[in-house]
Amino acid sequence: MRYLGCMEKIGGIIVTKSSPTKEIKLVDFGIANNYHDCIEIHKDLPKFPKLYDAIMQHEKGHEGLNFREDFKLDINNVPGLDYGELRNFMYSRPKTWLQFLPIWKHPTRGWIYDKVHLLIYGILITSILLIIVFGVMIGKSI
Ligand SMILES: [Zn+2]
């Protein structure tokens, strides 16, 4: 697949494995999400070509993956992504933080959930509960 330059892709279509033409929609929430019919990205992201390219490569990387592969992709660092630049981008745009909710109400798609995020939050919450339970048990035995 030919990698299109940033400006060619904005508001246009990209070519992916699962869909020969996948539309890119600009939205004012979250950072980027790959749906079966389109990829949604934050409307200001194209103004930051380095962020845009790294994030779009990541989203395209989700194409055709199973759950296990999606999970591996999401827990690893995004190649070429400047996390400092992303943090600054997010701090000045509070609605980008919706990206981290595992379940939320999309303005047009209704309630949606992210299986990978649900698993990550599940592991985190279970770990914290186990630490608390064992901490209490150890505390009682002393
Ligand atoms: Zn991802």
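## Contacts, core and helix packing

Among contacts in the protein between residues at least 6 apart in sequence, 43% join residues at least 24 apart; a contact here is a pair of C-beta atoms, placed from the backbone, within 7 Å. This is a predicted model, in which local features need pLDDT of at least 70, side-chain atom pairs count only at pLDDT 80 or more, and totals for chains, interfaces and linings use all residues. Numbering starts from 1 along each chain as its sequence is written.

Let's begin with confidence. The protein averages a pLDDT (the predictor's confidence in each residue, from 0 to 100) of 84, and 85% of the residues score at least 70.

Five helices and six strands make up the secondary structure, in the order α-β-β-β-β-α-α-α-β-β-α. Helices (H or I, at least four residues) and strands (E, at least two) are DSSP runs, numbered from the N terminus.

Now to the interior. Of the 142 residues, 13% count as buried. Buried takes 20 or more other C-beta atoms within 10 Å of a residue's own, exposed 12 or fewer, and partly exposed lies in between. The largest nonpolar core has nine residues: I31, A32, I39, I41, L45, L51, Y52, I55 and M56. Such a core is a set of buried Ala, Val, Leu, Ile, Met, Phe, Trp, Tyr and Cys residues joined through C-beta atoms within 7 Å. Strand β4 (38–42) and helix α2 (49–61) are the elements that give two or more residues to this core, and α2 has the largest share, with four.

Finally, a helix pair. Helices α3 (residues 67–75) and α5 (residues 115–141) pack at an angle of about 65 degrees, with axes 9 Å apart. Axes are lines fitted to C-alpha atoms, for helices over the stretch in contact, and angles run from 0 to 180 degrees between N-to-C directions. The pair is therefore roughly perpendicular, a term for angles of 65 to 115 degrees. From α3, F67, D70, F71 and D74 make the contact, meeting K115, V116 and L119 of α5.

K72, also in α3, is exposed, with 11 other C-beta atoms within 10 Å. The C-alpha atoms of K72 and V116 are 9.2 Å apart, across 44 residues of chain.

Terms used
Contact = placed C-beta atoms within 7 Å. Parallel < 35°, antiparallel > 145°, perpendicular 65-115°, else oblique.
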